[in-house]
Amino acid sequence: MTTDIAAMLWDTDPLYHAHAPELEADLASGAAETKVFREAYLGKVASLDAAGLLEALRRYEALTELLVKPQLYTHLLFAADAGNDEHKKLSQQTAEFGNLMGRELLFFDLEIMEIPDGRFTEIVADGGLSGYRHYLESVRKFKPHTLTEREEQLLKLKNLTGAEAFTRLFDELSASFRYRMTLEGEEQEFTGEELLGLLHHPDAAVRERAFATFLKRHEEEGIALGAIFNTVALDHGQELELRSYRHPMEPTNLGNEIPEEVVNRLMDVSEANYGLARDYFRLKARLLGLPKLKNTDVYAPVGETDRRYTFEEARDLVLEAYGAFQPRFRDICAAFFAERRIDVLPRPGKGGGAFCMGMTPSLSPYVLLNFTGNLRDVATLAHELGHGLHFVLAQKQTMLNYHAPLPLAETASVFGEMLLTRFLLERESDPQVKIALLCAKIEDIIATTFRQNVLTRFEERMHKERKEGLLTSSRLCDLWWEENGKLYGDAVDMIEPYRWGWSYISHFIHARFYCYSYTFAELLVLSLYRKYLEDGDAFIPTYVGILESGGSLSPADTVKPAGIDLADPHFWQKGYDFLAELIEELKGLVAKQ
C-alpha cells in the first residue's frame, strides 16, 4: 500500500466522477421515478394483496437507493471540506432534493399504517413478505404519532429552514473554528481535533491549556451556540406535542425498539456504578503521581508516555487484530485502505471526530478520521472499521433492512476495539506497557458507558427545561456541570472552562438521544466478548450472523442467538462486573511494580 498524502484522502470518484453530469442525471432520474411511483401507488397501498405489496416494496427500495446516493456523496464532500463553496452548494442542493422527494414519498409509509390489523396479519403471513415483516411492523408502530400526509409534508418542508438549517449552521460554524496556542515555546495554529488530541500529551500543563483553548473558543461563540441548542430543543418539544409523545426520549426509544423501562434501567444501573469510575480515577492519580486528577488528566498517558503511532503502524495493528479473530474480517477492513475509502488527517475545514458512513447494499462504506497518532486514535481506527465491517456484512440485506437498529449500530465498532486491546495485551511483555493498555481500555469503557450516560442525562434535562422557557447559555453550563459532577464526585476536579463542554457535542444536534446507544452497545459487547472467551471459535458464526442481519430484526431478536436476553433485569450489571474485573486486573499489575 502507498503511504503518500493522496493515499490518506478518500477517493469518491467511484460514486461520481467530478460531480457532474452523472450526479445531475441521477437527480433528474430520481425525480422522474418518484413521480412514477407516486402515481402508481398513491391511495392504493392499503388495498394491495401480498404479491402487490411485495412488488411495491421492491420498487420502493430501488427508488430509495437511487435517491440517497447523491445525498451521501455530497455529505462526504462537505465533511471533508466544509469550507469549500462548491461542496456547500452541492450538499445543500441534494439536501433540498432529498427533502422534496421525501415529501412526495411520505404517502407510502402512511398508507402502510392504514392497512387494517386483520388484513395486515393475513398479508404478512405470506412467505414472500417474510423478509419485510420487521420493516412493516416498524413503520406501523408509529401510527399513533403520525399526522396526515399534508401535515407531514409541511413539517418536512419547514425542517429545511428549521432544525436542519440550525444543524447545518452548527456544522459549518464548528468547522470554521481556528485555534492558536503556544506549544514548545512557539505559538501555533491548531484544528479542534489536534487540540483534543493533546489531552493525551504527557505534560499536564499542555493538556489543560489545550482543552481550555478549545473550550474558550466555543464560549466566544456562546450566543450562536446557545441559540442553536435552544432552537433544536424547542423544535423537538413542539414535535413531541404535535405527535402526542409523553416525554423527550419516547420517539427515540420507539425507533430503537427498546422499551422505556429497559432504557431507564440501563441509565439507573450506570449511575449506580459511577463509583467504579471514581475508583479508577483515584488509582490513575496515583499512577501519575498526582494528589487528584483534573478532568484534563483522565486520558493522560501512563507508562509509554512518548509512544506515537504512524498511520501505517495503526493500520497494520488493527488489521492484524481483526485477522487474528477472523481472516475474512481482515480482508474486508483492508479493502478500505486499498480502495482509498478512508480520509485520515485533520485539516482546516474538515469535520471533527470520526465516522463511518454506511451507504447502501450496493455501495461501499467510507470512513472519516482525524488521526493524530496517539493510542486513542489507533482504537478509533479499529472502532470505525468495525462500523465498516458491519455495513459490509449487512450488504446481504435489501435496502429497507440494511441499517442496523440504533442500539446495535455500535456493536461491531466497540467489539473491534476490544479485539485490538486484547491483541495488544497478548503480544506485550512489558508490564508498564500492559498497564498503559489496560488504562486506555478502561478509560474507553468509562467514556463509552458512564460519560455517554452523563450526556444522555444532560440532554434529557435540557429538553425538559426548554419546555418551560428559553435556556440561557449559563443555564446550559450549569446543567452540564451538575451532571458531570455526579460522575466525577470528589475524585476529579473539573477545570472552569469545562462548563462549556456541552457546546461541541454534535450528537445533541444531529440525533436526539443517540448517546445512550453507546452505553447499550458497550455493555452488550462486554457480554458478547465474554461469551467469545468462553466458546472460542464456535462463537464466531453467531457473531457474524448478528452483523449480517443488519436491520432485518429487532435488537432483542438479533442478539437472541447469542443467548442474550435484553429484558433480563441483571443484564446491564454483568457488563459493569466485567469492568470491575478489568480494574482489579490493573490493580494487580500495579501492585507488582
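# A walk from sheet to rings

Start by selecting aspartate 343, and you'll find leucine 368 of strand 6 standing opposite. Before you go on, know that this is a predicted model: local features need pLDDT of at least 70 and side-chain atom pairs count only at pLDDT 80 or more, while totals for chains, interfaces and linings use all residues. Residues are numbered from 1 along each chain as its sequence is written, and side-chain values use heavy atoms, with hydrogens and water left out.

**The sheet**

Now colour strand 4 and strand 6 (residues 366-368), which pair in the parallel sense over two bridges. Strands here are DSSP E runs of at least two residues and helices are H or I runs of at least four, numbered from the N terminus. Two strands pair if DSSP finds at least two bridges between them.

**The cysteines**

How many disulfides does a search of the whole structure find? Zero, where a disulfide is a pair of cysteine sulfur atoms within 2.5 Å. Click on cysteine 356: the nearest cysteine sulfur belongs to cysteine 333, 9.7 Å away. Cysteine 356 has a relative accessible area of 12%, so it counts as buried. Buried means under 20%, exposed over 50% and partly exposed in between, with a 1.4 Å probe and protein chains only. Cysteine 439 is buried too, at 2% relative accessibility.

**The hairpin**

Jump to strand 1 (residues 179-183) and strand 2 (residues 186-190), which run antiparallel and are joined by five bridges. Leucine 183 stands opposite glutamate 186 of strand 2. Two residues lie between the strands of this hairpin, where glutamate 184 takes a positive phi near 55 degrees. Most residues other than glycine have a negative phi.

Serine 244, with a positive phi of about 65 degrees, is in the loop between helix 10 and helix 11 (250-256). Phenylalanine 513 has a positive phi of about 55 degrees and is found in the loop between helix 20 and helix 21 (516-535). At 0% relative accessibility, phenylalanine 513 is buried.

**The rings**

The structure holds 42 aromatic pairs. Rings of Phe, Tyr and Trp (its six-membered ring) pair if their centres lie within 6.5 Å; planes under 30 degrees apart count as stacked, over 60 as edge-to-face and the rest as tilted. Select phenylalanine 229 and phenylalanine 508, an edge-to-face pair at 6.3 Å centre to centre with 75 degrees between the planes. This pair links helix 10 (residues 222-243) to helix 20 (residues 507-510), with the two phenylalanines 279 residues apart. Phenylalanine 229 is buried at 2% relative accessibility, and phenylalanine 508 is buried at 0%.

Last stop: find lysine 69, whose charged end sits over the ring of tyrosine 16, 4.7 Å from its centre. That label needs NZ of Lys or CZ of Arg within 6 Å of the ring centre and within 35 degrees of the ring normal. The charged end of arginine 341 sits over the ring of phenylalanine 336, 4.2 Å from its centre.
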